Amino acid sequence: MTQGTDQATDRDGLLAEQLLRLTRRMHRVNKRLLEESGLGITPAQSRLLRVLSHHLAHHDEPPRMADLAARMEVVPRAITTLVDGLEAGGCVRRAPDPANRRVIRIELTETGREALRTLRDARRSAAQDILAPLTAEQREVFGSLLSALVDEPGRH
């Protein structure tokens, strides 16, 4: 291995570590804001609400539990537990599919919509806290770089 390759590998390793640290920091801040919100929603339930909302924005009908499990890349049993908790809190409801009564679809309730608004505000606050050291121009560049990494062509 040449010295240039070693340096590039070291830089990539440092970047990977920084990304992991940033991700953990974002999770910590989001978790704290979730707890402060008083919604009684876990980070996993919060993610399910976001996935459900995204699905509803792009499809004509509420998703099946299997759709949510696939989108979240978890086993269906995990979705059942999350839906149980959100249903108990009034954020979602199970509804039979009119075309196939054996299929259960997950609907977002008004309480769920309100929770999503609160969660979006908390995420926005977390991002503002984390991005505070950056100028507007740096935020723009950082957003472009993240988009290039997250929205990699051929993925999803």
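Start at the second largest pocket, which holds about 340 Å³ of space. A pocket here is an open set of points on a 1 Å grid over the protein atoms alone, where a 1.4 Å probe fits, with protein on both sides within 12 Å along at least five of seven lines; lining residues have an atom within 4 Å of a point. The volume is the space filled by probe spheres set on the points, which are joined across faces, edges and corners.

This is a predicted model, so local features need pLDDT of at least 70 and side-chain atom pairs 80 or more, while totals for chains, interfaces and linings use all residues. Residues are numbered from 1 along each chain as its sequence is written, and side-chain values use heavy atoms, leaving out hydrogens and water.

Now select the lining: among its residues are Asp12, Leu15, Arg21, Leu22, Phe142 and Leu149. H1 gives the most, with seven residues; helices are DSSP runs of H or I, at least four residues, numbered from the N terminus.

Next, click Phe142, in helix H6 (residues 136-150). Leaving aside residues up to four places away in sequence, Phe142 touches Leu22, Leu131 and Leu134, contact meaning heavy atoms within 4.5 Å. Draw a distance to Leu131: the C-alpha atoms are separated by 9.7 Å.

Last stop, His55 in helix H2 (residues 43-58). His55 is buried, at 15%.

Key
Helices (H or I, at least four residues) and strands (E, at least two) are DSSP runs, numbered from the N terminus. Buried means under 20% relative accessible area, exposed over 50%, partly exposed in between (1.4 Å probe, protein chains only).
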